[in-house]
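Please read the points below with the structure in view.

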Amino acid sequence: MSADNDSREQWGTRLGFILAAIGSAVGLGNIWRFPYMTAESGGASFVIVYLFLLFLIGIPVMIAEFVIGRNAKLSPVKALSSSGVADWKPIGILFVFTGFLILSYYSVVAGWTLQYMVDSAGGVVTNYSPDVYFAAISQGQRSVFFHLFFMLITAGIVLSGVKRGIEKSVKFLIPTLVFLLMGLAVWAYFRPGAAAGYEFYLSPRTDLLFSENYNFLDINLLANAAGQTFFTLSLGMGAMITYSSYLSSNDDLVEETLIISLSNVSIAFLAGLIVFPIISAYNIFPLEAGQLPESTVSTLFQAIPQAFKSIGGFWGSFFSFVFFGCLFLAALTSAISLLEVVTSSLIDEFNLSRKLSVTISSVSIFLLGVPAALNTGWLGMADKIANNILLLSGGFFITIYAGWVMKEAAVELKKGLSIPVAQLWLGLIRYFIPIIMLSVLLLSFWEFSYEMLQEALPANA
Ligand code: PHE
């Protein structure tokens, strides 16, 4: 199936592939979306369900994407139709559509990070109340403009191809990101009043686990936690299929999955070591176990700048610049992978040149994102549909494909494998994971339609 593929580009090094996949996983999901989902869905009980799903479902599904991608050496649409068993092409198209939708609003949020950077450098961010500033920049012309600007940067990198564009840029961007985040964490540690933040973040409140504040059976919580698992690991829409399709050697896919997912969790954890001490040191809102602040897509962007405003002057602007610079770098390496899914599919499907397909994809993604740049309500809605419905459906189909349709899945995984877990993996993705995924997906649909019904019904009938 990969016979005509001799000219396909490949990663230059194993490290390049690993860094690109880490770059895809680590993004706004870790720093912007995770805290807002946690607060929306009930705090620690959400975190527990999320971590559980991350290891039990996230890791096997990531292995499945790698197995599919490396085996087919094709972009998702072609990879799924290469099995010859059934026509899986519509699922590949679903992946491309999901990538389209996610990048359209992801780029808007990334555009906000750019605005915060530019305006921190100009000393503007710390001069205004964060609410006023956010309201001014998040919806409207300027938001559209920076969304466009961010898409241009992303397109520029993807245009240069896998080795020269993606691999080269992540080798510089990821170490820079980690270095800056560590610097911020050390700085946060020395803020007076930081201790309460660590306490909230790090002490396991097992006494509260089964109290009424912790409701594990909440459908919204379950759907959000599953959606976040897929989002943060970039699963369910073919990003990891695409990246692994550029693998040549017989790498150990399980080892790579572990490195990538553990790095993703560690960087998310590191972000918490910045955000929580800052929140307590600058009294941004009270951090009490079981009590969560109201949270929406704007929370991070309104809360954290309050600290920088309190510091004020040069240093306030400096730390604001570095913080949003980190968010921007993290967003960029994820956006690259989203755009690569769409681009590589157009290349494989229609035999287009990379240049033409990057242009077509970026322009259409930009246009699709305009409503999100004009209205944060729309942005939140698109985010919910993409995560709780599209990524979960995509993840379900990936397990079915790798577990049942693809004949040689376990054989493919065994190549280069150092620990004999191929049969265990196959068992998980054949039986256990699809059942859980299907249940969560149905509940998520139900929850979603119920929400829409509530909105449509007159209040208090
Ligand atoms: N994983 C990225 C993040 O956490 C988002 C993403 C989702 C990237 C799906 C690619 C595919 O920000």
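A charge sits over a ring if NZ of Lys or CZ of Arg is within 6 Å of the ring centre and within 35 degrees of the ring normal. In this predicted model, R430 meets that description, since this residue lies over the face of W404 at 4.6 Å from the ring centre.

**Charges over aromatic rings**

- R430 is placed over the face of W404, and the distance to the ring centre is 4.6 Å.
- R33 is placed over the face of F231, at 5.0 Å from the ring centre.

**Aromatic pairs**

- A pair of aromatic rings is described by the distance of the centres and the angle of the planes.
- A search of the whole structure gives 32 aromatic pairs.
- In the pair of W112 and F301, the ring centres are 5.2 Å apart and the planes stand at 90°, so the pair is edge-to-face. The cut-off behind this reasoning is that planes over 60 degrees apart count as edge-to-face.
- W112 belongs to helix α5 (residues 89-121) and F301 to helix α13 (residues 299-311), so this pair ties together parts that are 189 residues apart in sequence.
- W112 is buried, because its relative accessible area is 0%. F301 also has a relative accessibility of 0% and therefore counts as buried.
- W315 and F319 form a tilted aromatic pair, with 6.0 Å from centre to centre and 35° between the planes.
- Both W315 and F319 are found in helix α14 (residues 313-350), where they are four residues apart, about one turn of the helix.
- F319 is buried, with a relative accessible area of 13%.

**A nonpolar surface patch**

- F52, L56, W404, Y431 and F432 make a nonpolar surface patch of about 510 Å².
- Helices α3 (44-72) and α18 (422-456) each supply at least two residues of this patch.
- L56 is located in helix α3. With a relative accessible area of 31%, L56 is partly exposed.
- W404 is one of the residues of the patch, and R430 lies over the face of its ring.

**A glycine in helix α3**

- G58 is found in helix α3, and this glycine counts as buried at 0% relative accessibility.
- Which residues does G58 contact when its neighbours within four places in sequence are left aside? They are L53, T229, L233 and L235.
- G58 and G236 are 178 residues apart along the chain, while their C-alpha atoms are separated by 9.8 Å.

**Positive phi angles**

- K73 is a residue other than glycine with a positive phi, near 50°. K73 lies in the loop between α3 and α4 (76-81).
- Is K73 buried or exposed? At 18% relative accessibility, K73 counts as buried, because buried means under 20% relative accessible area.
- N351 is not a glycine, yet its phi is positive, at about 60°. This asparagine lies in the loop between α14 and α15 (354-374).
- N351 counts as exposed, with a relative accessibility of 72%.

**Salt bridges**

- The count of salt bridges comes to ten.
- E255 and R14 form a salt bridge in which the closest N and O atoms are 2.9 Å apart.
- E255 lies in helix α12 (residues 253-281) and R14 in helix α1 (residues 14-25), so the pair ties together parts that are 241 residues apart in sequence.
- E255 is partly exposed, with a relative accessible area of 35%. R14 is likewise partly exposed, and its relative accessible area is 35%.
- E167 and K171 form a salt bridge, with the closest N and O atoms 3.5 Å apart. Because these two residues are four residues apart in helix α8 (residues 162-189), about one helical turn separates them.
- E167 is buried at a relative accessible area of 3%, whereas K171 is partly exposed at 35%.
- R354 and E340 form a salt bridge whose closest N and O atoms are 2.9 Å apart. This pair links R354 in helix α15 with E340 in helix α14, 14 residues apart.
- R354 and E340 are both buried.

Methods
Residues numbered from 1 in each chain as written. Predicted model: local features only at pLDDT ≥ 70, side-chain atom pairs only at ≥ 80, totals over all residues. Heavy atoms only, no water. Phe/Tyr/Trp six-rings, centres within 6.5 Å; stacked < 30°, edge-to-face > 60°. Buried < 20%, exposed > 50% of the residue type's maximum accessible area, 1.4 Å probe, protein only. Patch = residues over 30% accessible without salt bridge, like charges linked within 9 Å, V, L, I, M, F, W, Y side chains within 5 Å. Areas by Shrake-Rupley, 256 points an atom, 1.4 Å probe, with all protein chains shown as cover. Salt bridge = Lys/Arg side-chain N within 4 Å of Asp/Glu carboxyl O. Contact = heavy atoms within 4.5 Å.
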